[in-house]
Amino acid sequence: MGASEENSALFPIFVLTLMALPLVPYTIVNLFGAFKKKAAKINCQCSVCVRSGKYHKSIFRRISNFSTYSNLTLVLLWIVMAVLVYYIKHISTEVQIFEPFSILGLEHGASDSEIKKAYRRLSIQYHPDKNPDPEAHSYFVEFISKAYQALTDPISRENFEKYGHPDGRQGLQMGIALPQFLLNIDGASEGILLLGIVGVCIILPLTISVIYLSRSSKYTGNYVMHSTLAAYYHLMKPSLAPSKVMDVFIKASEFMDIPVRRSDEEPLQRLFVLVRSELNLDLKNIRQEQAKFWKQHPALVKTELLLQAQLTRETAALSPTLQRDFRRVLELAPRLLEELMKMAIIPRPPVGHGWLRPAIGVVELSQSVVQAVPLSARKAAGGSSEGYASFLQLPHFSEAVVKKIARKKVRTFQDFRDMTPDERADLLTQVAGFSNGESHDVEMVLEMMPSVTIDITCETEGEEGIQEGDIVTMHAWVTLKRGSGLIRALPHCPYFPFDKEENFWLMLADSFSNDVWLSQKVSFMDEATAIIAVSKTIQESKEGSGASAREINVAVKEAIEKVKNGSRLVMGKFQAPAEGNYNLSSFCLCDSWIGCDAKSNIKLKVMKRSRAGTRGGFAADETPAMEDGIEEDEEEEEEDYDDYESEYSEDEEDTKETKSKGAVANGSAHNKANSSSSDESGSEAD
């Protein structure tokens, strides 16, 4: 019985150990990450972001970025651990060792006469005939009598002196840390034990497996429903206009699962009035257009209106229930837009290329959602072909402010960025009426904005020139610079309620044919992963070319240094097309900032494959580069649609300017621009 009680007392210690093993390191890692993020200050520090309270998070909220439930679970587990520690501390779990000399109050080596005297003295105090107390009786029988017997019996005393126990050498005793009711098996507790074993060993694993299989069959690895990907794949079209991407985006199954309540009708009606100008309704037939809009599926109507509320910054009109749905829509938006982007650039038969125009539209929609800028702001206006959308992402800017500074011949966002800080401060304070603090906020955001350059080459490894059918390797170094000196940073987006990392999409495309030859997502947030990837890539490339170990080490060190300075290596392979000259463009599009994209031209000359397999001399084509553009042929449903002009569309004047600058060498180009509105020029290669 004593051993059973001892094992039962160890059960809380056993539970505490099991809880502490995963919980303590998990908490330490997350706390370290929280302090590290806080110390890095990679988020915007302007007054607009500070007032939004977006980055003012307690350590508790920084422990987990998944959900509030995980935070509560973590705190609850620590409370349980604290209760267990308190319980273990106050229960009596000390194992009393049988020590006959101590029980009789003697020192080791006492004589027989001293043992008898001590026994008689304690008998007067604890013997049942002298002391009627039951506890005294129990102590006399369990301890005093056994101690006297162990010391007076020669064999028992010899065993105690040799082995520390009257019964001689003791074997190893083992127990199990389980509660008392499980150790005393009877009719009642036997059923409880059986149910516990069945539940923990059979039912619980089976339930977890069923939940996992059901979710895995419904969702992809990016936590997007398979039905959403299927819908995006079939709805994506090569001539999809940028402003028509919204119609495809809202058809995600995740949005369809958001409940539509009767109480939402009136707030949605008010919201419709506020955002009606952004819905591209035909004003000539406004009644029919409105009726057609409201006849759509209620979930589609609700999702589009909530997205337009974000784009137009009309969130104050939302009811509390719509606010929750609004946050849910924005929480899903980044990963759904990423999957929509993949559906635009996924290779399609028969050529095996993606589509450039819808891909640009997806990125522009992502930029507008993150920065809360309406799509109509991208339309050409006020003498600017790119609209005023880029200005609206700056703090304290509005359309009226853009018109004021346009009078000073600052018509494009690039013109504004190219000004010196003093010139911008004078412009904003004297012309736009900004205070010194507001002007400082604008300067802080401009320092956070990335400037991207692309250095790209296309070649056939181990051969001179490119022949049709060759496997062409693209090497691209994408370099990011900021005025603040940071490489890893979060974009300024105070109206987007969640943390959003910057992502870039690098695409090698033929603008004339609307084909995307190669594409890859680029991130500057994880430097360690980028170093590992570039080291492996450079090493394999150099080993394949027969370089020495010293040359490999030098190349790897140089590549690592470039990564630390803000560059990322992107590699890809494609099969050379038929013989001819191809005017390609490399795009590096940011999904979070407007006006921070980069573009460069690259000319690719593919020669006809000779029968002998020899390769002739090769030189850059001197023919003027064909101007990038989108095909004029569109579907009938889009012919009469007044779509805004994408910032990547070019006119005849740009064509002449490009021709005057000369052609880019075959298979190589270096972009010095930091936005799509900047000049695009190629450098002659030897």
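Two strands pair when DSSP finds at least two bridges between them. Helices (H or I, at least four residues) and strands (E, at least two) are DSSP runs, numbered from the N terminus.

I'm working on a predicted model, where local features need pLDDT of at least 70, side-chain atom pairs count only at pLDDT 80 or more, and totals for chains, interfaces and linings use all residues. Residues are numbered from 1 along each chain as its sequence is written, and side-chain values use heavy atoms, without hydrogens and water.

**Strands.** I started with S5 (residues 515-522), which runs antiparallel to S1 (residues 354-355) and is joined to S1 by two bridges. Across from Gly354 I found Val516 of S5. Val516 is also the bridge partner of Ala509. S4 (residues 504-510) is antiparallel to S5 too, through seven bridges. The S4–S5 hairpin has four residues between its strands, and Asn514 in the turn shows a positive phi of about 70°.

**Helices.** Next I checked how H14 (residues 265-275) packs on H16 (residues 298-312): the angle is about 50° and the axes are 10 Å apart. (Axes are lines fitted to C-alpha atoms, for helices over the stretch in contact, and angles run from 0 to 180 degrees between N-to-C directions.) So H14 is oblique to H16; angles under 35 degrees count as roughly parallel, over 145 as roughly antiparallel, 65 to 115 as roughly perpendicular and the rest as oblique. From H14, Leu268, Leu271, Phe272 and Val275 make contact with H16 residues including Lys302 and Leu305, contact being heavy atoms within 4.5 Å.
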